[in-house]
Amino acid sequence: MLKKGYYAFCLLIVFNAHAVEQKVQPLEEIIWLQSYTPPFHIAKSESAPQGGICDNLTEQLIRTITDVKHTRLIVPQQRINKYLNEGKNVCFPCVIYKKNNNQQLNYSNPTTVYPPFSIITTKELKPQLEEKHGSPIHLINLLTDPQYVYGQAAARKFTTKINTIIENTKRDKESSLSWSSENESQAVIARLSHGFLDYSIDYPFMADYFNKQGEYTNIESVPIAENDIQFIRGAIGCAAKAPNNFAEQALKKINRALKNNVLQSPEYQQSQHNWLKTTFTDFDKHYQQQVINFYLLATDAQANTDH
């Protein structure tokens with residue numbers, strides 16, 4: 001009787017373990033979100049043969065990960081959070097890398113490296129802002145200065161440190177949010193150029209990109225004094241709330257493809273170099289150290305971009 005009971009108990013354990021395994025189905029589809037935010041996402045052209053900063057990354061991952069279905073979905077930036085919070089099988093290729101996952105996103109290994117965020121303003125206002133608030137500009141002083149109007153795309157996020165400064169200084173003060181559903185980046189730049197805003201915050205290469213388009217030629221960037229980092233690493237974020245262990249399954253495939261194919265690809269490296277070299281001193285060196293050598297890096301306080 002004891003033996004029969006023992007065997008029955010063992011069979012029950014095996015059955016239960018098998019049942020748990022059955023709950024997690026193999027990954028079938030990754031939905032790649034894309035927003036209206038040049039130069040991160042733009043159509044291919046003679047001047048941008050591989051599209052925007054994040055376009056070749058998505059393209060190569062789709063080509064490399066062949067055992068799942070891939071769907072591209074273009075949505076307004078502010079709807080990205082909606083898809084993430086609803087637990088859809090979505091990944092977004094343009095997020096700021098963080099070492100720890102959160103309730104909304106699980107993060108891939110780093111995919112690129114950006115210069116620190118800067119103040120974006122006009123050629124006319126830049127000398128005034130620098131004279132009054134320094135160069136680099138003291139962000140807290142500028143954000144609390146009632147003389148100037150701050151604006152950003154409604155869904156735009158920065159590093160944790162800058163997000164916190166904005167939250168604490170602008171909570172009860174005037175600021176202007178752009179709710180445009182198409183080309184949110186350009187909506188902010190247009191309002192700056194025409195004097196409806198005085199300044200915003202973004203990567204310095206945003207000023208270069210829009211000046212080169214010809215429609216707005218008076219946009220400039222100024223470094224931020226509160227930046228205590230030399231770079232910001234980019235990554236892919238996948239929906240943590242998606243069922244069936246989606247994020248874990250997707251990122252396992254994504255990280256393998258990044259390591260073995262995409263990040264070493266001359267095509268991808270050339271794309272990143274073309275977009276980022278002009279406003280980022282030693283981009284190639286940072287890319288090698290912080291992206292290619294990611295697996296070899298020891299813990300480095302300077303490499304932690306979640307400030």
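Analyst: A disulfide is a pair of cysteine sulfur atoms within 2.5 Å. This is a predicted model, in which local features need pLDDT of at least 70 and side-chain atom pairs count only at pLDDT 80 or more, while totals for chains, interfaces and linings use all residues. Residues are numbered from 1 along each chain as its sequence is written, and side-chain values use heavy atoms, with hydrogens and water left out.

Searching the whole structure gives 2 disulfides. One of them joins Cys-54 to Cys-94, with an S to S distance of 1.6 Å. The torsion about the S-S bond of Cys-54 and Cys-94 is about 140°, so this disulfide is right-handed. The pair links distant parts of the chain, 40 residues apart: Cys-54 is in the loop between strand S1 (29–34) and helix H2 (55–64), and Cys-94 is in strand S3 (residues 90–96). Helices (H or I, at least four residues) and strands (E, at least two) are DSSP runs, numbered from the N terminus. Cys-54 is buried at 2% relative accessible area, and Cys-94 also counts as buried, at 18%. Buried means under 20% relative accessible area, exposed over 50%, and partly exposed in between (1.4 Å probe, protein chains only).

Another disulfide joins Cys-91 to Cys-238, S to S 2.1 Å. Cys-91 lies in strand S3 and Cys-238 in strand S11 (residues 232–239), so this pair ties together parts 147 residues apart in sequence. The link of Cys-91 and Cys-238 is right-handed, with 105° about the S-S bond. Cys-91 is buried at 0% relative accessibility, and Cys-238 is buried at 0%.

With bonded cysteines counted along the chain, the disulfides follow the pattern 1-3, 2-4.
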